[in-house]
Amino acid sequence: MKNERIKNQYRINEQIRAKEVRIVNEGGSTVMPTRQALDMARSQGVDLVEISPNAQPPVCRIIDYSKFLYQQKKHAKEMKAKQVKVEVKEIRFGPQTDEHDYNFKLKHAKEFLDAGNKVRAYVFFRGRSILFKEQGEVLLLRFANDLEEYGKVEQMPALEGKKMFLYIAPKKAGTVKKSQQKMDREKRESEAKSMEAEATSTDNGLFANAKNGEDVLKKLQAE
């Protein structure tokens, strides 16, 4: 069914109704009467394939139609393979997660978001621990705040049965770029402070040398 849809997507040969067409090939493009283009295709034992019907005039290729369809399918497959598959990574907390475990999971969440994946963090309330649902909500809100530079909250903490979920999506490339600019600025500020400290150190050294020189001169004058 899918192959039939692709096959019927393009007009070929006598199905092309325009009076003239633009023929494209590796050497460039040429506008000519449709009848002339059909004759050229027949003389080469191939087809006249309309690839851009809305152009003025319509754009066509002289090519074997089966080969053309194969190229289109191959191109579509390559494009699909290049698409980044967004996965949802889960991170589980208890209502009373300790600081070490929290930081460990925070590190993983940053890695997931940096890789372009979404994060679904949740607190699982076992038995009577459901009484601490407010504590779980605070934990997830802290988690979202600590990941502010890496992702944006898609869904605030919400209780579903015995689990409270928080959804975070990776930030767009523009945000990453801004973060890089911030890093560059901090680097420049650090270098400026380093140069200032070096200059201060040099000034102190010159002052000390001058003072020592004055002391030696006074001593010689006294003698």
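Good morning. This structure holds 7 aromatic pairs, where rings of Phe, Tyr and Trp (its six-membered ring) pair if their centres lie within 6.5 Å, with planes under 30 degrees apart counted as stacked, over 60 as edge-to-face and the rest as tilted. The rings of Phe93 and Phe143 form an edge-to-face pair, because their centres are 5.0 Å apart and their planes stand at 75°. Phe93 belongs to strand E5 (residues 88-93) and Phe143 to helix H5 (residues 133-146), 50 residues apart; helices (H or I, at least four residues) and strands (E, at least two) are DSSP runs, numbered from the N terminus.

The model is predicted, and local features need pLDDT of at least 70, side-chain atom pairs count only at pLDDT 80 or more, while totals for chains, interfaces and linings use all residues. Residues are numbered from 1 along each chain as its sequence is written, and side-chain values use heavy atoms, leaving out hydrogens and water.

Is Phe143 buried or exposed? With a relative accessible area of 0%, Phe143 is buried; buried means under 20%, exposed over 50%, and partly exposed in between (1.4 Å probe, protein chains only). Phe143 also pairs edge-to-face with Tyr102, at 6.0 Å centre to centre and 75° between the planes. Tyr102 lies in helix H4 (residues 99-114), so this pair ties helix H4 to helix H5 across 41 residues in sequence. At 1% relative accessibility, Tyr102 is buried.
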